[in-house]
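Subject: Structure for your review

Dear colleague,

Please find below the structure that I am handing over to you. My notes on its interfaces and cavities follow it.

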Number of protein chains: 4
Amino acid sequence: MKVVARGQFVMATNLDYQSKKKDIFEKLSSGKIKLYQLDDLVGLDLATRIRREFVESQLDLCLENIGNFCLDPKTCTANIENMIGTVQVPLAIVGPVKIVGEYATGNFYLPLATTEGALAASVNRGCSVINKSGGAQVVVLKDFQTRSILFKVNSIVEAKRFCIWVYENFEDLKKVGEQDEDFIRVEKINPYVVGLNVWLQLEANTGDAMGMNMITIAGKKIVEYIVSVFRGVEFISESGNMCVDKKPSAMNLINGRGKKVVASVMISKEIVENNLKTTVDCLVDLNYRKNILGSASAGSLGYNAHFANIIAAMFIAMGQDVAHVVDGSHGFTTVEKSGKNVLFSVTLPALQVGVIGGGTVLATQNECLRILGVHAPIKETGYNSKKLAEIIAVGVLAGELSLIGALCSHDLARSHKRLNR
Amino acid sequence: MKVVARGQFVMATNLDYQSKKKDIFEKLSSGKIKLYQLDDLVGLDLATRIRREFVESQLDLCLENIGNFCLDPKTCTANIENMIGTVQVPLAIVGPVKIVGEYATGNFYLPLATTEGALAASVNRGCSVINKSGGAQVVVLKDFQTRSILFKVNSIVEAKRFCIWVYENFEDLKKVGEQDEDFIRVEKINPYVVGLNVWLQLEANTGDAMGMNMITIAGKKIVEYIVSVFRGVEFISESGNMCVDKKPSAMNLINGRGKKVVASVMISKEIVENNLKTTVDCLVDLNYRKNILGSASAGSLGYNAHFANIIAAMFIAMGQDVAHVVDGSHGFTTVEKSGKNVLFSVTLPALQVGVIGGGTVLATQNECLRILGVHAPIKETGYNSKKLAEIIAVGVLAGELSLIGALCSHDLARSHKRLNR
Amino acid sequence: MKVVARGQFVMATNLDYQSKKKDIFEKLSSGKIKLYQLDDLVGLDLATRIRREFVESQLDLCLENIGNFCLDPKTCTANIENMIGTVQVPLAIVGPVKIVGEYATGNFYLPLATTEGALAASVNRGCSVINKSGGAQVVVLKDFQTRSILFKVNSIVEAKRFCIWVYENFEDLKKVGEQDEDFIRVEKINPYVVGLNVWLQLEANTGDAMGMNMITIAGKKIVEYIVSVFRGVEFISESGNMCVDKKPSAMNLINGRGKKVVASVMISKEIVENNLKTTVDCLVDLNYRKNILGSASAGSLGYNAHFANIIAAMFIAMGQDVAHVVDGSHGFTTVEKSGKNVLFSVTLPALQVGVIGGGTVLATQNECLRILGVHAPIKETGYNSKKLAEIIAVGVLAGELSLIGALCSHDLARSHKRLNR
Amino acid sequence: MKVVARGQFVMATNLDYQSKKKDIFEKLSSGKIKLYQLDDLVGLDLATRIRREFVESQLDLCLENIGNFCLDPKTCTANIENMIGTVQVPLAIVGPVKIVGEYATGNFYLPLATTEGALAASVNRGCSVINKSGGAQVVVLKDFQTRSILFKVNSIVEAKRFCIWVYENFEDLKKVGEQDEDFIRVEKINPYVVGLNVWLQLEANTGDAMGMNMITIAGKKIVEYIVSVFRGVEFISESGNMCVDKKPSAMNLINGRGKKVVASVMISKEIVENNLKTTVDCLVDLNYRKNILGSASAGSLGYNAHFANIIAAMFIAMGQDVAHVVDGSHGFTTVEKSGKNVLFSVTLPALQVGVIGGGTVLATQNECLRILGVHAPIKETGYNSKKLAEIIAVGVLAGELSLIGALCSHDLARSHKRLNR
């Protein structure tokens with residue numbers, strides 16, 4: 001039997017643990033040992049178990065399901081500290097969906113990890129409509145990561161001088177940022193000034209990695225170089241929030257960040273009527289009033305129905321940084337008439353994905369990446385991260401057209417009622 | 001042994017499955033059976049296995065870890081369709097952290113499900129600083145869910161008449177929206193007009209539920225009532241995007257949605273210097289330049305360092321709707337001098353949480369809710385959902401002060417380097 | 001001859017001024033007299049002349065046109081200090097345009113004071129289209145002024161207590177704000193909290209006045225009352241920028257401020273083709289792509305082509321506060337098909353106008369108000385300020401449909417070239 | 001006597017007009033002649049008079065002050081159509097203020113045309129504080145005009161191809177845009193994509209002109225070139241609203257437009273206490289809470305107290321396009337401690353000014369430009385428009401520090417009460 005439950009495994013191989021338990025628990029209670037120190041003291045497997053059991057004893061609870069997992073704690077050390085087990089998120093498979101991209105071409109099953117009833121069914125319906133329509137087109141328009149380093153100067157005249165200096169010394173700064181790194185390429189440094197504050201926004205290509213760590217490290221080197229050669233500038237923060245990472249921002253909606261991806265599908269009048277059970281005019285009208293006018297009226301930066309739902313489900317499945325759902329929620333769904341047919345598109349200006357690093361190495365997440373064939377990074381080119389971006393964008397497209405279609409037939413509440421029984 | 005791995009269980013009790021396998025796979029391949037139809041045909045457990053094995057055979061892959069799970073598919077029917085297993089997210093425990101709230105009072109261990117290395121350690125450090133400082137204060141300032149229903153009228157004069165009519169008939173509309181529901185309370189209906197478009201934004205208290213489904217159903221009833229009694233209004237969409245759900249928006253930053261929560265901690269000069277290894281002035285200065293000025297300069301709605309990280313980790317752990325990380329990413333971190341000490345606060349205008357419905361029933365998630373003592377909903381009062389909101393806000397506070405502290409000592413990149421080894 | 005040039009008048013009646021000139025100039029040069037002190041020393045007329053001549057002598061310039069004005073300085077004392085003359089802005093008359101409003105009904109000539117070539121002609125063309133279409137409808141949906149007072153509290157628990165106290169004591173606060181004032185009505189006080197900061201946003205009806213001064217004074221009284229009876233609150237600022245006055249803001253786009261006005265006109269296919277020289281489809285399409293999608297893509301709060309142009313021209317003409325052009329630039333132009341015809345609408349959420357106070361008393365501005373028949377304020381009801389708001393909104397509508405029409409026939413640059421010769 | 005009142009002049013030299021009056025009025029009433037046709041029929045001077053008198057007769061009004069002006073209608077033909085006279089805006093002189101800029105160096109009197117009582121006095125007080133502090137520093141960080149041209153393509157693949165084509169053919173497009181123009185320099189063309197919509201944002205230096213007309217004409221040429229050589233692109237609009245012109249936008253706050261200018265002044269503790277009657281701590285604190293936190297809380301893009309007031313007053317005085325007050329209202333006021341002193345700064349990312357074209361030729365406006373010494377444009381270098389931008393920024397700085405100072409001593413309402421008597 002190849003598959004074992006990690007929790008059971010630990011229990012089986014640590015029979016002598018029971019004898020030490022009382023002693024360790026006492027030391028944890030008294031604060032002589034900290035929970036995080038257990039990894040070094042007893043090893044990762046046992047530490048995970050002891051922490052869990054200690055919490056159980058403290059709160060008089062049973063955490064058996066949390067403890068019943070298959071990830072090897074030794075593979076999780078770059079992802080978590082103070083591990084006590086795992087949370088299991090139901091995983092659906094939808095599709096396959098036909099994709100005609102530059103990196104993703106063919107039919108793809110989409111893994112969705114979610115607890116929101118009706119979501120997988122909805123995306124599945126969207127995939128079916130896309131397939132009937134000959135597949136979805138998708139392009140990656142931009143691909144760069146950013147980090148904005150924050151400095152302070154002594155006067156506004158210095159601010160201007162600093163901006164010019166950065167511009168004139170870009171090649172040196174680029175070299176500094178790239179040294180000792182395999183595949184980061186620093187492409188731009190944009191200065192922004194408010195009073196005495198100067199942000200240097202690095203733009204870099206980070207290949208198949210999402211790249212936040214990589215660019216942070218490059219930024220750190222650049223900071224060290226700058227403070228050593230440019231007089232009169234004070235370093236404030238490695239991130240000055242103009243990046244903008246994991247926060248809603250007009251900056252990213254306008255200029256993009258990570259991958260800017262656009263996906264589309266042309267749907268015929270017949271398919272609209274037979275499969276989406278509505279009309280071309282209704283789709284166009286509802287999208288305009290809801291996704292465009294409605295979002296505008298609320299001062300929103302998300303001119304879409306529910307990008308975040310699909311992105312959250314695919315990010316959890318594929319071991320992406322889930323907080324980047326925020327960035328992914330920006331963008332536009334357009335529905336426009338094209339002769340008798342209708343063209344659906346989604347524009348995602350700030351999709352943050354990578355196929356190395358983060359949660360991509362974890363056993364269940366890596367299997368999901370394998371389902372898409374993007375588990376073997378080709379680091380420098382970023383081929384697979386762009387392929388992943390294209391696939392996610394098509395998943396988002398499927399989710400959008402399905403929901404807009406459902407709203408046109410006014411059955412949103414009904415479908416929630418039925419499925420969330 | 002109480003705990004079994006669900007994947008194994010299925011394998012053990014369906015020995016006769018092997019004989020049917022070939023036949024079912026052929027029907028799936030030819031499209032005679034759809035993947036989603038398997039639930040009804042062979043039952044949830046087996047359907048989950050067959051779908052997974054079918055994908056394995058189609059893609060020549062092994063998905064053993066996805067198949068090695070402990071959730072009972074029968075408990076997941078309100079959360080997923082086309083299930084093939086689960087994705088396991090590493091779970092950490094941090095704290096306990098001392099909370100002085102109106103609903104949460106005492107010391108709480110915080111479960112964090114994440115794949116972002118250093119996050120749990122960082123929040124843990126924040127909790128430790130909070131504890132040394134006597135605990136965190138936290139208050140829930142608002143508690144309401146919203147849904148904006150979109151109508152179209154024939155003229156702007158009608159738009160005005162409709163707004164007035166809604167205002168004058170609020171009590172009737174409220175009654176309609178609340179009927180047959182246990183505990184929703186419709187508190188306001190705000191009309192918004194752009195040209196011929198009229199959004200009616202419902203505000204409702206939904207007790208211990210996050211409430212999106214509940215308010216959608218209430219909205220549906222109100223729509224039916226309106227179109228039956230008010231002439232000259234055309235119903236467009238059950239959600240007109242002015243809610244605003246799972247999308248960045250100034251609306252929610254300004255007016256709030258879900259729970260508006262504020263948490264704070266007063267940290268002494270000594271603790272700042274000894275534990276955060278920085279100074280009060282640096283904390284105040286960095287927060288002002290980065291979180292406030294920096295975010296403003298980027299047209300951001302998130303005046304914070306990384307709310308989304310902590311919220312994502314706690315939402316996954318607690319079975320919340322992960323797409324709501326978007327809403328949770330809005331808000332402010334303030335760091336202000338108070339005599340010799342420093343007051344840290346986080347203001348979360350749109351925290352979407354509930355302790356019934358959604359993923360809260362799932363085995364691992366429910367155990368996390370039990371760790372916080374919020375697993376037994378007191379539906380009408382919403383006591384436990386407000387308690388959960390308070391605890392999450394304090395987790396966010398811990399994460400913010402820890403990161404701001406780390407940035408002040410300039411070691412962000414270093415800590416990433418060390419932990420993401 | 002009733003009309004005299006004010007500059008000449010001064011010159012004629014102050015023959016003895018020449019003798020004192022040298023002495024006064026020397027005192028101004030040496031700083032013994034300040035320019036602003038001249039009003040009290042020599043009277044307004046002469047002071048205006050001396051300041052101008054002093055600047056002329058200092059800079060070796062001739063400011064004869066600035067000095068050739070008809071406003072009586074004595075009527076300008078509430079509008080200006082250190083007066084040296086006037087700037088003359090060319091005034092156009094366009095229309096008349098047919099308006100079917102609740103306050104404005106009939107045909108109105110519109111005065112536009114502008115230096116932007118082609119603007120008056122463009123609005124005139126729009127008026128002509130409106131007239132051919134039977135006139136413009138217009139409604140005022142909201143009418144209230146706001147001021148947000150900023151306080152600081154000692155803890156977030158106090159913040160919550162303060163919000164509740166304000167809610168419970170609204171009637172008292174209202175009474176305090178309204179006392180000794182003729183016609184302000186305080187209608188709401190909305191608290192907003194970020195950390196320890198609490199904004200109380202007053203909403204008040206200010207009748208026929210634009211009302212910023214009036215509500216500032218009411219706010220001042222309310223502040224005095226609060227600090228005298230509520231312990232533990234520190235007053236920070238009479239305006240805490242959440243008003244939001246004269247600054248771009250999502251707040252005002254969403255919630256409105258001043259007058260929220262919507263104007264519309266239904267234009268037939270024939271008129272579109274014969275007069276606007278384009279098609280219904282082009283108008284709808286261009287407005288959607290430019291005004292809605294384009295603005296959204298730029299993170300804009302102005303989903304229109306050039307509201308600000310018309311508002312600036314009418315505000316200067318009518319003696320309104322020109323900085324309020326900022327507020328007026330927010331809002332939406334929608335162009336939607338209606339059968340074979342097209343419905344144009346403009347939605348102005350934050351139009352700040354009044355017919356008493358400010359520049360409305362000045363001779364030329366007051367004559368412009370008389371052209372619209374709104375010079376005699378009916379203070380309490382605000383009838384004339386709402387009438388003015390309706391008329392301006394229709395002017396904006398005319399300007400929008402004219403420009404959108406011109407863009408559809410691609411002749412924007414050409415018309416600029418021809419007119420700006 | 002050099003100066004004559006234009007209205008009187010007309011009356012004197014057209015004695016035979018009375019005889020034709022009845023005839024012309026009848027033709028205007030019956031629609032045989034349009035108001036705008038009078039210029040060609042009777043000449044500009046007389047046409048201006050007839051239009052005014054016709055309105056007087058129609059409405060039974062006396063518009064004598066409007067008719068009592070000094071601008072020569074022949075000089076206004078690029079600024080207005082359907083002229084009937086002028087509106088006179090009271091003009092103040094404040095300062096002189098000491099400026100240490102790159103283009104403006106020395107002491108400058110500032111002309112302010114406004115009807116808002118207390119504004120000139122407030123700016124004057126600010127100038128006085130600046131002078132006592134040794135003058136204001138000011139730098140222009142960016143200088144470019146933008147126009148975004150909107151196209152539509154047939155597929156998203158075409159969108160990508162078009163973006164690449166524009167990038168690769170930039171030099172040709174630049175040449176096309178610059179031909180036959182004296183001094184425009186096209187510096188960048190940035191493509192933005194949403195679905196099938198592609199905006200090409202031109203960035204150009206326009207020397208001493210504000211440049212909107214110039215860049216519109218350049219854009220027109222580029223459009224003609226593109227549609228003639230690139231297959232599969234449809235031209236939609238010469239302005240696609242991503243410019244962003246005269247509308248609030250995050251785009252301009254972030255990236256800048258027109259001139260990006262920063263001005264600052266270091267004020268000593270003594271001057272703060274003696275002249276502003278407050279403390280350094282209060283200034284810093286109030287600015288942070290009001291201008292930064294308050295604006296952020298309202299979803300504002302104007303992190304300042306009242307930029308728009310000063311910009312409106314100086315734009316009217318200097319013949320700038322007053323609708324650009326909207327762009328000017330964006331930006332930041334920072335107040336930061338610097339040792340015992342305080343550094344005030346204003347950052348204006350989108351100041352739209354020029355010293356040729358628009359209203360700069362008008363007699364009164366041109367005299368105001370002469371006061372600043374910027375009336376003689378050096379077209380190519382843009383020297384004087386940058387000088388004007390620097391001076392206006394310092395005016396804004398004076399206004400901000402004066403108001404923040406006044407708010408610190410809590411006397412805003414009081415000063416309004418006293419001055420608006």
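How much area do chain D and chain C bury between them? The figure is about 10500 Å², of which 60% lies on carbon and sulfur atoms; buried area is the accessible area (1.4 Å probe) that two parts lose on being put together, summed over both.

Before the rest, a note on conventions. This is a predicted model, in which local features need pLDDT of at least 70 and side-chain atom pairs count only at pLDDT 80 or more, while totals for chains, interfaces and linings use all residues. Residues are numbered from 1 along each chain as its sequence is written, chains are lettered from A and ligands numbered from 1 in the order in which they are written, and side-chain values use heavy atoms, with hydrogens and water left out.

Chains D and C

The contact (heavy atoms within 4.5 Å) joins 129 residues of chain D to 129 residues of chain C. Glu81(D), Val87(D) and Gln88(D) supply 7% of the area that chain D buries against chain C, more than any other three residues. Two salt bridges (a side-chain nitrogen of Lys or Arg within 4 Å of a carboxyl oxygen of Asp or Glu) cross this interface. In a salt bridge between Lys246(D) and Glu116(C), the N to O distance is 3.3 Å. Strand S1 (residues 83-100) of chain D provides the largest share of the side that touches chain C, namely 13 residues; strands are DSSP runs of E, at least two residues, numbered from the N terminus.

Chains A and B

Here 130 residues from chain A meet 130 residues from chain B, and about 10500 Å² is buried between the two chains, 60% of it on carbon and sulfur atoms. The interface of chain A and chain B has two salt bridges. Glu116(A) pairs with Lys246(B) in a salt bridge, with the closest N and O atoms 3.3 Å apart. Strand S1 (residues 83-100) of chain A gives the most to the side that touches chain B, with 13 residues.

Cavities

A cavity is a set of points on a 1 Å grid over the protein atoms alone where a 1.4 Å probe fits but cannot get out. Among the 23 residues that line the largest cavity (an atom within 4 Å of a point), the closest to its centre are Gly299(A), Leu301(A), Leu301(B), Gly299(C) and Leu301(C).

With kind regards

Note on methods:
1 Å grid on protein atoms, 1.4 Å probe; cavity = no way out; pocket = protein on both sides within 12 Å on 5 of 7 lines; lining within 4 Å. Helix = DSSP H or I, 4+ residues; strand = E, 2+ residues; numbered from the N terminus.
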